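Please read them with the coordinates open.

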Amino acid sequence: MNAKYLFIFAFVLSPLFTILSQEKKTYKVNTIAFYNVENLFDTLDDPITYDDDRTPNGKDHWTEEIYKDKLKNMAKVISEIGANVTKNAPAILGVAEIENRKVLEDLANEPVLLPKDYGIVQFDSPDRRGIDVALLYQKSLFRPVNTSVHELVIYSNNDAKKRVYTRDQLLVSGYLDGDLIHVIVNHWPSRSGGEARSRYKREEAAALNKKIIDSLFDIDPYAKVITMGDLNDDPDNDSVKKVLGAKSEKKDVKLKGLYNPMYNMSKKGIGSLAWRDSWNLFDQIIVSKGLLDKDYSSYRYYKAGVFNKNYLANPRGRYKGYPYRSFANGAYTGGYSDHFPVYVYLIKEN
């Protein structure tokens, strides 16, 4: 399905859209999103990864019936991200915590997503649990021209010879309706062992991310770059704010710089996951200066958000209001994920 045109009328309240309506122009809108789908594993035992729990005979009793229900739930969420504006699912979707390509193929073949004809970019990473990042894209809207994976090589603070195996960073460059866009999908190391003790791992991940982005800027300082993912840090943590250098205000973004629209959302208490009665906005989408210009003859950043519809929140109990995760207390809940998806809208003059 092609991107829907967003017709701007004079009565629209948004200041930007009001200005655009006065010019009597129409705009295309596409959603770019990211979703940590919380351990989307198949039921097969992979002998080289630690996936034993997510098998029918494993601790989690991960059966084919549960797997199919999880797929249906994930597909429902994905189909609705941004749909209230674009009347379409995301043109481009980064995902984390997927086991392999097969689960993505099964997901893309769910009835609600099948008409979108999603393509898949996925590579196996060295993560000990076997989870990867990947990119889904609607073939009618986005055409990849180059893909690459960038290995994050880090070692334990306690043992300089002990490798910490984690997720690669995925770079996909391609054309969104004629515009060259570069998308990087991340899942930075967790806070296992404590935030302070594990901080260096995420700062190393941020340094790798910056290296990838800088390599794109070396080719084109005005490159349209979107880096997204579960960073396991908030927008004001050093990994994002200092190492990556993502700014909280558009006016502060210089050429070859980055803007983080999630920063001010986080300061308002908006989060994508909850832990011990506090919210974090670990899931972020960060855009480059090239997407901030006001010339809408090509795609530009318009707005960001957290997709936190009521049905995605736990309806009861101690964790009421938290993301309604699909697995808790050793049992499948029928929920969705322990993270809410995040998204940005890109708009372009029609």
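This is a predicted model: local features need pLDDT of at least 70, side-chain atom pairs count only at pLDDT 80 or more; totals for chains, interfaces and linings use all residues.

1. **Overall fold.** The protein has seven helices and 20 strands. Its radius of gyration is 20 Å, close to the 20 Å from the globule rule for 350 residues, so the protein is as compact as a globular protein of that length. Along the principal axes, the C-alpha atoms fill a box of roughly 60 × 45 × 40 Å.

2. Of the 350 residues in the protein, 55% are buried. Take the contacts with a separation of 6 or more: 69% of them join residues 24 or more positions apart.

3. **Packing of H2 and H4.** Two packed helices are described by the angle between their axes and the distance between the axes. Helix H2 spans residues 64-80 and helix H4 spans residues 101-108. The two pack at an angle of about 65°, and their axes are 9 Å apart. The crossing of H2 and H4 is right-handed.

4. **Who meets whom there.** H2 brings Tyr67, Leu71, Met74, Ala75 and Ile78 to the contact. H4 answers with Lys102, Val103, Asp106 and Leu107. By class, the residues of this contact are seven nonpolar, two charged and no polar. An α-helix has 3.6 residues a turn, so residues three or four places apart point the same way.

5. **Helix H5.** H5 covers residues 195-219, which is 25 residues. From first C-alpha to last it reaches 36 Å, close to the 36 Å expected at 1.5 Å a residue. Which residues of H5 are buried? They are Ser198, Tyr200, Lys201, Arg202, Ala205, Ala206, Leu208, Asn209, Ile212, Ile213, Leu216 and Phe217. Note that Lys201 and Arg202 are on that list.

6. **Glu38.** This residue sits in strand E2. Is Glu38 buried or exposed? Its relative accessible area is 1%, so Glu38 is buried.

7. **Asn329.** Asn329 is another residue that has a positive phi, about 55°, although it is not a glycine. Asn329 lies in the loop between strand E18 (327-328) and strand E19 (331-332). Its relative accessible area is 82%, so Asn329 is exposed.

8. **Asp52.** The loop between strand E2 (26-40) and H2 holds Asp52. Its relative accessibility is 39%, so Asp52 counts as partly exposed. Leaving aside residues up to four places away in sequence, Asp52 touches Asp45 and Gly58. Arg143 is 91 residues away along the chain, and its C-alpha is 36 Å from that of Asp52.

9. **Asn100.** Asn100 is in the loop between strand E3 (92-98) and H4. How does Asn100 count at 18% relative accessibility, buried or exposed? The cut-off for buried is under 20%, so Asn100 at 18% counts as buried. Beyond residues up to four places away in sequence, Asn100 touches Asp42, Gln122 and Asp132.

Terms used
Residues are numbered from 1 along each chain as its sequence is written. Side-chain values use heavy atoms; hydrogens and water are left out. Axes are lines fitted to C-alpha atoms, for helices over the stretch in contact, and angles run from 0 to 180 degrees between N-to-C directions. Helices (H or I, at least four residues) and strands (E, at least two) are DSSP runs, numbered from the N terminus. A crossing is left-handed if the near helix is turned anticlockwise from the far one by less than a right angle, and right-handed if clockwise. Contact means heavy atoms within 4.5 Å. Ala, Val, Leu, Ile, Met, Phe, Trp, Tyr, Cys and Pro count as nonpolar, Asp, Glu, Lys and Arg as charged, and the others, Gly among them, as polar. The expected span of a helix is 1.5 Å times one less than its number of residues. Buried means under 20% relative accessible area, exposed over 50%, partly exposed in between (1.4 Å probe, protein chains only). The radius of gyration is taken over C-alpha atoms; the globule rule is 2.2 Å times the number of residues to the power 0.38.
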